[in-house]
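Thanks for coming. I will go through one structure today, taking the sheets, then the ligand, then a few single residues.

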Amino acid sequence: MEFENIVAELNDGIEYITLNRPQVLNALNIDTVSELRDAIEYAYRDDEVKAVIITGAGGRAFAAGADIAEMHALTPQGGREMIANGQALMCEIERLPKPVIAALDGYVIGGGLELALACDIRIASKKTQFAFPEPSLGIIPGYGGSQRLGRVIGFGAAKYYCMTEERIDVQRAYELGLVGKICADDVPVLEEANRIAVGLKERCPEALAAIKAVMREGQNADIDTALDIEKKAFDKLFLSPARTERMGLFLEKQKNKKKKS
Ligand code: COA
């Protein structure tokens, strides 16, 4: 896949997407967002892709937000198009029936945080920090951040960070559930993301897709509707030959273990 602002490579079932504008801390200009949409579309279409990892080049940032220089010059119509493009990307990541991991190292700010929030799993290095500094620029998070942050860390905490612009360090992010794991100093974040992705490849892909779908759909539903969504997805998986095969394999392994002991 040839791109100008990102690098996307498929290796052994994992699509690695690297934001590649380190000279501007991987700021998300309009072209970068469009290229990301193409890279996610590729993951959607290609059966070989079992998991996606998104990371940033340069070692200083995942992404320091939307490109302010580009945004400054946009007309109101251009601004609307930019937001539509960005929101579409985040929804496409959420709806991709494959796991997406954000491997975070350094600044995760504004649109960078919104991109991370759209991913399923977020892991971060110790130097990672998060913020939504939009009010200082006269705007609000527009790629879904004002809505998704609260769904991840709770409404009150999200409003606090969206309004105060306070930086969230990685320890606080972990406590809030914004990151699932803080990587040890001697484990590069991409290496850890890769380890997780390899593990995900072993799982039943239909089950992972169902987890994404039911958790997304159920999040905004009342409890009865949400349980119904879960029940239907469970039922569908229960009918699949993969379920019988995987449970049979587990039982076989247990039998062999007993024979050996
Ligand atoms: N858009 C465009 N360019 C950006 C950018 C952004 N969001 N974030 C950083 N850059 C550019 C800087 O202009 C600078 O370019 P230059 O070397 O040509 O001057 C380069 O990236 C490095 O950034 P710099 O500010 O010098 O690094 P720093 O370590 O002093 O500060 C940040 C890092 C992240 C604190 C700071 O760059 C910043 O506040 N960025 C904007 C974050 C933001 O408000 N994002 C939300 C946008 S909606």
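Strand S2 and strand S3, which covers residues 51-56, run parallel to each other and are joined over six bridges. Please keep in mind that this is a predicted model. Two positions show how S2 and S3 line up. Glu-15 faces Val-52 in S3, and Ile-17 has Ile-54 in S3 as its bridge partner.

S2 has another neighbour. Strand S1, residues 6-11, pairs with S2, residues 14-19, in the antiparallel sense, again over six bridges. Here Val-7 sits opposite Thr-18 in S2, and Glu-9 has Tyr-16 in S2 as its bridge partner. The hairpin of S1 and S2 has two residues between the strands, and in that hairpin Asp-12 takes a positive phi near 50°.

Now, how enclosed is S2 by the rest of the structure? Buried here means under 20% relative accessible area. Six of the six residues of S2 are buried, so the strand is largely enclosed by the rest of the structure. The side chains go two ways. Ile-14, Tyr-16 and Thr-18 point one way from S2, while Glu-15, Ile-17 and Leu-19 point the other way, and all are buried. Note that Glu-15 is in that list of buried residues, and Glu-15 is also the residue that stands opposite Val-52.

Let me step back to the whole sheet. These strands belong to an open sheet of six, in the order S1-S2-S3-S5-S7-S10, and the pairing is mixed. Which strands are at the edges? They are S1 and strand S10, residues 181-182, and each pairs on one side only.

There is a second sheet to look at. Four strands make up this open sheet, in the order S4-S6-S8-S9, also with mixed pairing. Its edges are strand S4, residues 61-63, and strand S9, residues 168-169; each has a single partner strand, so one side of each has no neighbour in the sheet. Within this sheet, S6 and strand S8, residues 129-131, pair in the parallel sense over three bridges. One of the pairs is Val-108 with its bridge partner Phe-130 in S8.

On to the ligand. How many residues surround the ligand? There are 17, and the closest are Val-24, Arg-60, Ala-64, Ala-66 and Ile-68. By type, the shell around the ligand divides into 12 nonpolar residues, one polar and four charged.

For Arg-60, a polar side-chain atom lies 2.3 Å from an oxygen atom of the ligand. For Ala-64, the backbone is involved: an N or O atom there lies 2.9 Å from a nitrogen atom of the ligand. Ile-68 also uses its backbone, with a polar atom 2.9 Å from a nitrogen atom of the ligand. As for cover, the ligand taken alone exposes 860 Å², and the protein buries 59% of that. The elements giving two or more residues to the shell are helix H2, residues 68-72, and strand S6, residues 107-109.

Next, the cysteines. A disulfide is a covalent bond between the sulfur atoms of two cysteines. How many disulfides are there? The count comes to zero. Cys-91 is in no disulfide, and its nearest cysteine sulfur, that of Cys-119, is 13 Å away. The cut-off for a disulfide is 2.5 Å between the sulfur atoms. Are these residues buried or partly exposed? Cys-91 has a relative accessible area of 26%, so it counts as partly exposed. Cys-119, at 5%, is buried.

Where is Ala-221 placed? It is in the loop between helix H9, residues 205-219, and helix H10, residues 223-238. Its relative accessibility is 27%, so Ala-221 counts as partly exposed. As a pair for distance, take Ala-221 and Thr-55: they are 166 residues apart along the chain, and their C-alpha atoms are separated by 32 Å.

That is the end of my part.

Conventions. Residues are numbered from 1 along each chain as its sequence is written. This is a predicted model: local features need pLDDT of at least 70, side-chain atom pairs count only at pLDDT 80 or more; totals for chains, interfaces and linings use all residues. Side-chain values use heavy atoms; hydrogens and water are left out. A residue is near a molecule or strand if one of its heavy atoms lies within 4 Å of it. A polar contact is a pair of N or O atoms within 3.5 Å; within protein, one must be able to donate a hydrogen and the other to accept it, and residues adjacent in sequence count only if both atoms are side-chain atoms. Accessible areas come from the Shrake-Rupley method with a 1.4 Å probe; for residues, only the protein chains shown count as cover. Ala, Val, Leu, Ile, Met, Phe, Trp, Tyr, Cys and Pro count as nonpolar, Asp, Glu, Lys and Arg as charged, and the others, Gly among them, as polar. Buried means under 20% relative accessible area, exposed over 50%, partly exposed in between (1.4 Å probe, protein chains only). Two strands pair if DSSP finds at least two bridges between them.
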